[in-house]
Amino acid sequence: MDAVNHQFRLAARPVGLPQSSDWSYTEEPVGEPGEGEVLVKNLYVGLEPAMRGWMNEGRSYIPPVGIGEVMRAFAVGEVIASKDADVPVGSHVGGLLGVQEYAVANGKGVFPVDPSLAPLPVYLGTLGMPGVTAYFGLLDIGRPQEGETVVVSGAAGAVGGLVGQIAKIKGCRVVGIAGGPEKCGHLLEDLGFDATIDYKAGNLDAVLSEHCPNGIDVYFDNVGGEILDAALAHLARKARVVICGAISQYNNTTPMRGPSNYLSLLVNNASMTGFTMGDYIARYGEAVQEMAGWLAAGKLVSREDIAEGLENFPATLLRLFAGENTGKLVLRI
Ligand SMILES: NC(=O)c1ccc[n+]([C@@H]2O[C@H](COP(=O)([O-])OP(=O)(O)OC[C@H]3O[C@@H](n4cnc5c(N)ncnc54)[C@H](OP(=O)(O)O)[C@@H]3O)[C@@H](O)[C@H]2O)c1
């Protein structure tokens, strides 16, 4: 094959927000699949806040991306050559295929996706990693009960928007925390949240008291920092705090801010539990199946925010940290 594969590789470990000099835009001939492998033409790449963590040196739940390596990313695309009989040419697959136009992957390491059931970007959001994260983080760790109050931060994002909607399906009262009136309007009007808090308007503590008069039963945290601290001060007895992420801290050049209100856990006999989606990989299909049913039944709204062009990857990634996305941020290639 004569085609060229354009790629973004990690050139340097960022300090603070990633700069353009932290990336190199490279090209190489498109690879040939070996026995058991497939060649995928990537069509959409998912942009994740976690990418910022993957760029750092040090121990985490997954090894860092090495300097000079193609940036790790979930992507979906079309199989254009195959040496795995189970993954035919013309089928569509998803997986960790990287920030690049073409990927050679192990046929057993990709999963089938069906564009006739849902548009391909949905498999990077609601029916993909963020959906599975929202599903198990809320249901398995948050364990919401009907009538309880669930508060979610980062509520207008990929994970947060789904957490709130699943909590509504389970009969909870849902309060979403997001930045700005437009996002708050989206949560109320499109996603069916009961109440919203624009954290950029200030006064978080007073508004939490107003919207959660009996305290928070489940707090699903995507952002960390001051918002986590404020939520901790409003826990109900036996509350469950789910630590999913801490995007407010990912670009810190000073030490990460920890919660100072943690004794609220003691006072309220509450718990705070962290998790990663990887803990649930064996149950991925279970979540996707139920979410697909809710989508088909119109109980769940899937929102994607689609940007254009692989060459725009570095600038598009920064939109996550500036709060410029609503729903799942995806790059169309
Ligand atoms: N544990 C896991 O396995 C797992 C899996 C996937 C994602 N996550 C985590 O879940 C969180 C959400 O991920 P996502 O993919 O759904 O991203 P997302 O919410 O779609 O996008 C990020 C959003 O974070 C908000 N944000 C950015 N900087 C902020 C700050 N300083 N303070 C408060 N909010 C800020 C912005 O919304 P506003 O405009 O509202 O500020 C932005 O739109 C991230 O922390 C991510 O790392 C964890």
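Colleague: In which element does Lys 238 lie?
Modeller: Lys 238 belongs to strand 12. Please keep in mind throughout that this is a predicted model.

Colleague: What is the phi of Lys 238 near, and how should I read such a value?
Modeller: The general idea is that most residues other than glycine have a negative phi. In this structure, Lys 238 has a phi near 60°, which is a positive value in a residue other than glycine. Asn 203 likewise is not a glycine and has a positive phi, of about 65°.

Colleague: Where is Asn 203 found, and is Asn 203 buried or exposed?
Modeller: Asn 203 sits in the loop between strand 10 (195–198) and helix 5 (204–211), and because its relative accessibility is 58%, Asn 203 counts as exposed.

Colleague: Let us turn to charged side chains. How many salt bridges does the structure hold?
Modeller: The general idea is that side chains of opposite charge can pair when their charged atoms come close. The structure holds twelve salt bridges. One of them joins the side chains of Arg 13 and Glu 57, with an N to O distance of 3.5 Å. This pair links distant parts of the chain, 44 residues apart, since Arg 13 is in the loop between strand 1 (4–10) and strand 2 (23–29), while Glu 57 is in the loop between helix 1 (50–54) and strand 4 (74–82). As for accessibility, Arg 13 is partly exposed at a relative accessible area of 25%, whereas Glu 57 is exposed at 62%.

Colleague: Which parts of the chain does the pair of Asp 140 and Arg 283 link?
Modeller: The side chains of Asp 140 and Arg 283 meet in a salt bridge with an N to O distance of 4.0 Å. Asp 140 is in helix 2 (residues 129–142) and Arg 283 is in the loop between strand 13 (271–274) and helix 8 (284–296), so that distant parts of the chain, 143 residues apart, are linked by the pair. Asp 140 is partly exposed, with a relative accessible area of 35%, and Arg 283 counts as partly exposed at 33% relative accessibility.

Colleague: Which residue forms a salt bridge with Arg 257, and why can the pair be said to tie together separate parts of the sequence?
Modeller: Arg 257 pairs with Asp 229, and their closest N and O atoms are 3.0 Å apart. Because Arg 257 lies in the loop between strand 12 (235–243) and helix 7 (263–267) and Asp 229 lies in helix 6 (residues 225–232), the pair ties together parts that are 28 residues apart in sequence. Arg 257 is partly exposed at a relative accessible area of 40%, but Asp 229 is buried at 5%. Salt bridges can also form a network, as with Asp 84, Asp 86 and Lys 108.

Colleague: Which classes make up the lining of the second largest pocket?
Modeller: The lining of the second largest pocket has twelve nonpolar residues, two polar residues and one charged residue.

Terms used
Residues numbered from 1 in each chain as written. Predicted model: local features only at pLDDT ≥ 70, side-chain atom pairs only at ≥ 80, totals over all residues. Heavy atoms only, no water. Helix = DSSP H or I, 4+ residues; strand = E, 2+ residues; numbered from the N terminus. Buried < 20%, exposed > 50% of the residue type's maximum accessible area, 1.4 Å probe, protein only. Nonpolar A, V, L, I, M, F, W, Y, C, P; charged D, E, K, R; others polar.
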